[in-house]
Amino acid sequence: MLALSIARMAEAIGNSILFILLPLYVAKLPSEHLPFSVPVLVGILISIYGFIASIVQPLMGALSDRMGSRKRMIQAGLVLMGGGTLFYIFADQYLDLIVLRSLQGVGVAITIPASMALMTAITKKGTRGGSMGVYSMLRMIGFASGPVIGGFLQTRFGFNTAFYAGSAFVFMGLIMVQIWVRDVRPDKNVIKERFHIFDRKLFRPGIIAASLSTFVMATSFSMLTTLENEFNRRLAIDAFYFSIAFSSMMVSRIFLQIPLGRLADVFGRKPLIFGGLIVLGITTALTGEVTALWQLVAIRMVQGFASAAIAAPALALVADLSEVGGEGRQMSVITTGFGLGIAVGPLLAGILAVVFFELPFLVGGALSFITALVVLRMMPETIEGERVLFKGSHSERA
């Protein structure tokens, strides 16, 4: 578990360097054939990555279950992601970026379901929340470090240096997987008995509710990326200071993810997810009202708390509900939700901000509150014990 988490932390550093670079890179490229504003172009570019990943992930999850070799699929995905990042140095048109982001979307779609299926196989139910917390924390260290590294390198040395560094971190993750990670293959007889790419038995209401929670979480915190240039102007900051504000959410998650994951093992998955969505709704709605850098940093840090309360418990819940031989497909549902959120958030922000700047954040806040009600109604509790809150869904109790 630690080996896989550390390897994916290195990959996250390389991947998240692009969060800061892409809005700036799009602004400097010619876009005469695409008559849209820069925020819309950035939103399209970032969203394509998420949409491609979301479409392909269920297929890759099924392939992971069918092949049984999670490690090889993780490595194949990392090769595509690292290569895509490296080839940004040759991109001189917006359409070049579209192709490279699509390639990276396929890469992450191959990697994530296999990684989560492997995590499901090597963790135990009673401590799974804490284990997913460790995995999420190390990923957040990567996602927090990447934008700061990218902002610093771009400011000091230019875009190409930052792209070289991003690809180097991804390939470092590939080497770590090869050296440290041991594969866990599911029973071949179980795979043959229940293998269908889209098996309705594998998609329970609890899994759908957890997927919706991660979708809204990713949508809410990814909106900021599209509007980097607007925030820089409104707050009179540059790319480096924006990267600090952007990463503050991940920093908060680094410290809170393991404790909240362990709380999910004691008090249950459902109350943490519900509470996280409420806090996320409030902070997202307030994001468009900030007038100073410190306010944006503070809101992002509270969003980090909310995301930590949602992420690890939701992953643990889906892993609890997964069936042997179906882990790749079932875990791909929640990772697809996250990928769709990463895709929808920037695009939604780019389109709605044209109406008025605060609108995308108000819509994101409303989505969080609605999803909290869905969780309260549909999501079961998978941890038994007297201390568990909100135990079971209405349908299960009936």
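Trainee: What makes the contact between Glu-358 and Arg-234 a salt bridge?

Mentor: In this predicted model, the N to O separation of the Glu-358 and Arg-234 side chains is 3.9 Å. The cut-off is within 4 Å, so the pair qualifies. The two residues are 124 residues apart: Arg-234 belongs to helix H9, and Glu-358 lies in the loop between helix H13 and helix H14.

Trainee: Why is Arg-234 called partly exposed?

Mentor: The relative accessible area of Arg-234 is 43%. Partly exposed covers values between the 20% limit for buried and the 50% limit for exposed, so the term applies.

Trainee: Why are Arg-269 and Asp-265 both called buried?

Mentor: Arg-269 has a relative accessible area of 0%, and Asp-265 has 14%. Buried means under 20%, so both residues receive that label.

Trainee: What makes Asp-320 a salt-bridge partner of Arg-269?

Mentor: The N to O separation here is 2.8 Å, and the limit is 4 Å, so this pair also counts. Asp-320 in helix H12 and Arg-269 in helix H11 are 51 residues apart, and the pair links distant parts of the chain. Asp-320 is buried because its relative accessible area is 15%, under the 20% limit.

Trainee: Which residues are joined into one network by shared partners?

Mentor: Arg-128, Asp-265, Arg-269 and Asp-320 are joined in this way. The structure holds 6 salt bridges.

Notes: Residues are numbered from 1 along each chain as its sequence is written. This is a predicted model: local features need pLDDT of at least 70, side-chain atom pairs count only at pLDDT 80 or more; totals for chains, interfaces and linings use all residues. Side-chain values use heavy atoms; hydrogens and water are left out. Helices (H or I, at least four residues) and strands (E, at least two) are DSSP runs, numbered from the N terminus. Buried means under 20% relative accessible area, exposed over 50%, partly exposed in between (1.4 Å probe, protein chains only).
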